[in-house]
Amino acid sequence: MELDSIRERLSAADAALVDALAARQRLVLEVAQVKASGTAALRDVSREEDVLTRVTELGRENGLDPFHVTRLFREILGHSLRTQETLLSPGRAAGISVLRVGYQGSEGAYSYLAGLRHFGTHSREISYRGYDGFEMMLEALEAEEIDRAILPLENSTSGSVTPNYDLLARMSVAIVGEEIQEVDHCLLALEDVPLARIRRVFSHPVALAQCGRFLSTLPGCEVEAFTDTAMSARRIREDGDKTQAAVASEEAARIHGLVILKRGIADNRENFTRMAIVARRPEPCDLRVPAKTSLVFATRHEEGALLRCLTVLAEHHLSLTKLESRPRPGMPWEYLFYADFEGNIANPEVAAAVRELQSRSSFLKVLGSYPSRTSAEARPAEPRPRARVTSVEEPQAPPPAPRPKSTGDSPALASREHRAEDTVIPISPGVTLGGSARPIVIAGPCAVESLAQVRACARMVKELGGSMLRGGCFKPRTSPYSFQGHGYDALDWLAEAGAEAGLPIVTEVMHPRDIGPVAEKAHMIQIGARNMQNFSLLREVGQVHRPVMLKRGMMSSIDEWLNAAEYILAHGNQMVLLCERGIRTFETATRNTLDLSAVPVVRERSHLPVIVDPSHAVGVRRFIPPMARAAIASGAHGLMVEIHPDPKAALSDGPQALTFGMFESLMHSLDTGLKPQVEKGLDCEAKRMS
Ligand code: PEP
Ligand code: MN
């Protein structure tokens, strides 16, 4: 009885939510009408940030999880943006009352889901039609049996869907839109049986390959390729065999009445497919919408031909977002190039660039200009952090440096002589390190102890405006009897906590064999102080394409440190950043002595970014905040600090872990105390002391 009454009230609450959403959507339409007559850009990211900040703050006051509120509102804001985009393009597919959309596969396939999202804001009726193959689908488009087709072009883990590029060149079609579909593979079965009972798994071969690692853990289980993910879900239902399972989307489970045995089974968490929305003819795209243009061209058979073509884009300041080459049908060893760049052909300057490109190529076809889902402007807004680090006056351009050391005949790769400008390292979308980018804060526990522990840290870091999550999985410990880290379990927890909070992660490797697997999950690899001169480790990280944070050895000179970086650079990896973490001196009051003068020295000698880890330097919680502020003032490109939800219970480095409260006030002080000038920061400090 009691449950019934609560459920009734829940239903009423749900109805109120839907009413509120409908009211919001009506206002969105009003906004769209006002915008339609103006010239202002459709999207206002700073306004979206305001909205997210306000609602998460309101949520917090009402005891709601800010991450939950952010996720919900991102979806709501995304929907509102799509609605406005659709309304601003009344010419799109004009005259069609029911829009017929084709996709490959059956209901619940990822293309189908992309269609639902893409066309969800169209006010006209949409009818969906599944096709067995892509070519059949595009033939149906040419034959006017459908008005739009959803064509996957690339996947963030398996790469380009090359046959579909060939279809774009061969058939008479155009691109009028794009959609990014998150691919979240689940294992679906008839009933909730233990994983060990599954004997056969069906899915599309690409999906099976993407879940290879998980599938290999199922004992005595066969894997069988099937037409597509959603079809395999249907087959499980039809076969009625409880020992069979399919790899498909959550939506496919819902449509075919299956249960989800396990979610997120892909080897690589960040799995997205970019789909083109294809029509028979190109359609104009509103200039207020951030747009991309796709074209296909062939170069003349002469020296430097491709370079000359691409230079046109650079000269017109058009940023190339994708370049794909495919064999030219019937012309062995000649190629067609597919290029996407940010820009709208409706803009006369872009049109001029394309004409110029045409004059330099032997063939060129514009596939279309359409609203971009991948450009920086299309990236989702974030609520503003409760505190954020603002750059103190950017340390001036590198001063004329004394001649840096050379190795043999050529200058050292780490030196300013080799590269005068600062190296800027992109870590993840939205996080860059080095140059004049805002100094970033990396924080997290010394060691990853449990999912709950690292998750609590991740949320704190994100909320307070930190940019990256740290956590040791393999711990270098002085004593073999101390806690050595939870290894690969810890890596999974760290990756999960980072992904949930939207933070890239960094973790230390100690053995060459761990570099590959760690590089797959971590955005940055740390080489710890004790391994700064482990040359075989340096050689190996020099061969992966992942940023490497090289900590200064506690007994190493700056020169030795730069030479260690040289090992990594010399093996190919140019994404190296240096981390000052204190050196051994005769002083015993602190764990090490923080050598802050290393920061300007390194910045003068090297183009590599340098960050400071005050935690391992001083080893005493209360001395960390002032040294962190001093590090930023000294010109560091970032900070790394250790935090812990309960430092007393920490399994390693407890005495130097900041409590969440201390971390919060540190972040605030970085934001306010240092903003105008260093002197002011010192003033505050003095006042507090007096
Ligand atoms: C760490 O950052 O976890 C660490 C062990 O630091 P260091 O190598 O500087 O001692
Ligand atoms: Mn530590």
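This is a predicted model: local features need pLDDT of at least 70, side-chain atom pairs count only at pLDDT 80 or more; totals for chains, interfaces and linings use all residues.
Let's start with ligand 1. It has 13 residues around it, and the closest are Arg470, Ala529, Arg530, Lys551 and Arg581. Sort that shell by class and you get seven charged residues, along with three polar and three nonpolar ones.

Now look at who reaches the ligand's oxygen atoms. Arg530 uses its side chain instead, placing a polar atom 2.8 Å from a ligand oxygen. Gln526 also brings in a polar side-chain atom, again at 2.8 Å from an oxygen of ligand 1. How much of the ligand does the protein cover? On its own, ligand 1 has 290 Å² of accessible area, and the protein covers 97% of that.

Next stop: the manganese ion, which is ligand 2. Four residues coordinate this ion, at 2.0 to 2.4 Å: Cys446 through SG, His616 through NE2, Glu642 through OE and Asp653 through OD. Along the sequence, these donors follow the spacing C-x169-H-x25-E-x10-D. Glu642 belongs to strand β27 (residues 638-642), while Asp653 sits in the loop between β27 and α21 (660-672), so this pair ties together parts that are 11 residues apart in sequence.

Are those two residues buried or exposed? Glu642 has a relative accessibility of 1%, so it counts as buried. Asp653 comes in at 19%, and because buried means under 20%, Asp653 counts as buried too.

Notes:
Residues are numbered from 1 along each chain as its sequence is written. Chains are lettered from A and ligands numbered from 1 in the order in which they are written. Side-chain values use heavy atoms; hydrogens and water are left out. A residue is near a molecule or strand if one of its heavy atoms lies within 4 Å of it. A polar contact is a pair of N or O atoms within 3.5 Å; within protein, one must be able to donate a hydrogen and the other to accept it, and residues adjacent in sequence count only if both atoms are side-chain atoms. Accessible areas come from the Shrake-Rupley method with a 1.4 Å probe; for residues, only the protein chains shown count as cover. Ala, Val, Leu, Ile, Met, Phe, Trp, Tyr, Cys and Pro count as nonpolar, Asp, Glu, Lys and Arg as charged, and the others, Gly among them, as polar. Donors are N, O and S atoms within 2.8 Å of the metal (3.2 Å for Na, K and Ca); water is not among the atoms, so sites may look incomplete. Helices (H or I, at least four residues) and strands (E, at least two) are DSSP runs, numbered from the N terminus. Buried means under 20% relative accessible area, exposed over 50%, partly exposed in between (1.4 Å probe, protein chains only).
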